[in-house]
Every structure is written in structure tokens, then in C-alpha cells.
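Thanks for coming, everyone. Today I would like to walk you through a ligand site.

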Amino acid sequence: MSKAYNIAVLPGDGTGPEVVAEGIKVLKAVAGKFNFSLHFETFDWGGDRYLKTGEVLPESAPDQLRKFDAIYLGAIGHPDVKPGILEKGILLKLRFELDQYINLRPVKLYPGVPTPLKDKGPEHIDYVVVRENTGGLYTGIGGISMKGTPDEVAVQSMVYNRKQVERCLRYAFDYTKKRNKKNTLALSGKTNVLTYVYDLWERAFHEVGEKDYKEIKREYYHVDATCMWMVKNPEWFDVIVTGNMFGDIITDLGAITQGGMGIAAGGNINPEGVSMFEPIGGSAPKYTGKNIINPLAAIASAQMMLEHLGEDKAARAIESSIMNVTANKLKSMGAGQMGYSTSEVGDLIAKGI
Ligand code: IPM
Ligand code: MN
């Protein structure tokens with residue numbers, strides 16, 4: 001019997017709905033071909049709904065989402081809503097409530113995609129960042145005192161416990177093993193300054209690695225040096241594991257080396273629960289409704305979602321179709337510069353399946 005999956009769709013704000021529509025187009029094409037079915041249910045959570053109702057996210061949202069096999073998200077962020085409200089109230093809230101403690105972000109340059117890195121091609125840029133996704137500076141512990149006075153003090157703490165660190169490291173080791181490329185896991189930290197938090201990470205890294213993953217080679221880089229090598233020698237990397245804030249920063253750098261926000265995809269993973277897949281760029285409000293935004297990041301997130309659901313062949317079919325289109329069709333990755341509209345790019349990928 002063929003498998004059936006229930007997918008919650010959160011198109012969100014700005015160009016989110018446009019790119020999600022192309023992702024769904026491709027998902028339907030691939031499901032038909034590989035003999036499984038997908039049932040989509042759409043939720044209107046985002047900036048427009050917040051402006052109309054005053055509610056950022058219904059209380060019941062996490063419980064509603066827990067019933068699905070996966071969540072497919074477009075973008076969160078609205079020009080008329082103060083920055084932070086929707087990001088914290090929807091995106092971060094869901095990551096935390098659903099305990100999606102891994103943010104998996106592949107950095108892979110597809111053929112034909114321009115990279116700002118001189119003399120680097122697809123053979124050099126192919127690694128994955130495993131970003132811890134629910135701890136560290138994002139925990140939100142801190143406060144402001146004497147606000148508005150010259151003596152004002154602000155504190156925001158980087159908080160990690162051993163359990164959080166260890167489950168993230170184990171995921172990264174397992175992922176490196178499964179990926180089976182260079183079998184090398186690099187910890188990116190800052191043990192020379194953050195001598196408590198990254199000391200914990202580093203000790204856990206070597207303890208877990210030594211005990212249970214002897215076959216995986218371990219490397220360590222300070223986060224600032226990581227940035228340097230991601231530009232100079234990206235081919236050194238296989239899998240990088242790091243904390244939440246560093247992971248946020250280095251994955252934007254990684255994204256631009258693989259062609260930018262039009263192509264970079266990510267998964268918010270709870271290995272024991274429900275995971276959420278999203279293009280890592282924002283809602284790009286100025287391009288909304290113009291049918292010019294690049295949907296490849298959303299399509300690549302759909303690919304990651306299928307991989308996560310165990311539909312490996314279907315996922316690989318999407319990836320080859322993406323590669324074929326980047327190599328042979330698109331002029332550039334930027335909105336309005338692809339030589340095709342958003343929906344035409346979706347059609348090209350769907351047809352290539
Ligand atoms: C990301 C984004 C989010 C983050 C923001 C929008 C809260 O930058 O997914 O990388 O900081 O995690
Ligand atoms: Mn980010």
C-alpha cells in the first residue's frame with residue numbers, strides 16, 4: 001500500500017505563499033511519480049492575521065501541528081509589524097514548543113549557480129551545518145534594568161545544559177555517519193573566550209565522539225576562523241556543528257556562498273517529533289505578488305522534508321531536477337533576474353521530475 005502523509009502548510013507572510021505554492025506543485029508531481037500521497041492543510045498564521053485579529057499565534061497551534069507528519073513553512077515577517085513580534089511569536093515559538101532542537105542547513109552549490117567565492121565551484125562547496133536550535137542566547141534569559149537612564153544595564157545569557165548539547169552533538173555525529181562523505185565533524189565554538197559554554201560543548205564533543213563515534217574524525221574551529229575558512233577553503237568541511245547564535249550567523253554566510261537566499265533551505269528537526277521545513281530567507285515584502293521571487297529555496301526545503309519522511313528517491317528526484325534547472329535554464333538566482341517567473345521555475349522543476 002502506498003504511504004500517505006499529512007502536511008501542515010504555513011505559507012506565512014510576503015512572498016511566503018508564492019514560493020510555498022511552487023513547492024507544493026513540485027511535491028504533487030513527485031508524489032504522483034513515486035507512489036505516495038500528500039494531504040495538505042493550510043494555516044493562515046502570520047502578519048496579516050495578526051494585524052486583523054491582534055493574535056500572533058493561537059494557543060492551540062503547537063498541539064494542532066503535533067498531529068502532522070511534517071510542517072512546510074514559507075516565511076515569517078511583515079513590514080507593518082515591529083521586528084521581533086512575529087519572529088519570536090511564531091517561528092521561534094514553534095521551534096521551542098515543538099522541541100525542534102536541530103536546525104539542519106545544507107550549504108551546497110548547485111551547477112550553474114554563481115558564487116561570490118573566487119575559483120570555487122560545486123566540487124568545493126558541499127557541507128552541512130547542524131545548528132542547535134532551541135538553546136543558547138535564544139533561550140531568552142536576561143533583562144534590562146534602569147531602562148532609559150545612563151546607568152541602564154542589559155543582560156542576555158548564553159544558556160546550555162549538558163543534555164541539550166549532547167543530543168545536538170549525537171544528532172550531528174549520526175548525520176555525519178549517515179552522510180558518509182568525509183566522515184568528519186567540525187565543532188565550531190569559541191573556547192578561547194566563552195570558556196564556560198564552549199568548554200562544555202568541547203568536552204561533550206570529544207567524550208561522545210570518543211565513546212560512540214570513533215569512526216568519525218573530529219575537528220575544532222573557533223567560530224571567527226570558521227567564517228574565514230568557509231570563504232577560503234569551503235572544501236575542508238563535511239559537517240559543522242555549533243550553538244544557536246553562531247549557527248544563525250554562519251549559515252547566512254554559507255547561504256551567500258551557495259547563491260543566496262533564493263536557494264538556501266533548512267529544516268527545524270525534532271528527531272522524535274514533528275519537524276518544520278523552510279527556506280531560510282525572509283518574506284521579501286518588496287517582491288510580494290510580483291511572481292519574480294526565486295522559489296528554489298522553498299522547493300529545496302520540500303526536498304528536505306521528503307528526505308526526512310524517508311522518501312529518499314523522491315527527494316533525490318527533486319534535487320536532480322533543481323540541478324538541471326540551475327545548470328541549464330536560470331540566468332541568475334536573484335528575484336526578477338532568473339529569466340523566468342516564480343511559477344515558471346516551479347513548472348520547470350515539476351516537469352523535470
Ligand atoms: C533564521 C532567522 C531566525 C533566527 C529569525 C527570523 C528569528 O534568522 O531562521 O536563521 O534567528 O533563527
Ligand atoms: Mn538567520
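This is a predicted model: local features need pLDDT of at least 70, side-chain atom pairs count only at pLDDT 80 or more; totals for chains, interfaces and linings use all residues.

Residues are numbered from 1 along each chain as its sequence is written, chains are lettered from A and ligands numbered from 1 in the order in which they are written, and side-chain values use heavy atoms, with hydrogens and water left out.

Around ligand 1 we find E87, L91, L92, R95, R105, R131, Y138 and D248, where being near means having a heavy atom within 4 Å. Helix 4, residues 85–97, gives the largest share of that shell, with 4 residues; helices here are DSSP runs, H or I, of at least four residues, numbered from the N terminus.

Domain 1 (1–100 + 273–353) and domain 2 (115–258) both contribute to the shell, so ligand 1 lies between them; the bounds come from an automatic or database domain assignment.

As for polar contacts, meaning N or O pairs within 3.5 Å, a polar side-chain atom of R95 sits 2.7 Å from a ligand 1 oxygen, and for R105 the distance to an oxygen of ligand 1 is 2.8 Å.

Methods: A polar contact is a pair of N or O atoms within 3.5 Å; within protein, one must be able to donate a hydrogen and the other to accept it, and residues adjacent in sequence count only if both atoms are side-chain atoms. Helices (H or I, at least four residues) and strands (E, at least two) are DSSP runs, numbered from the N terminus.
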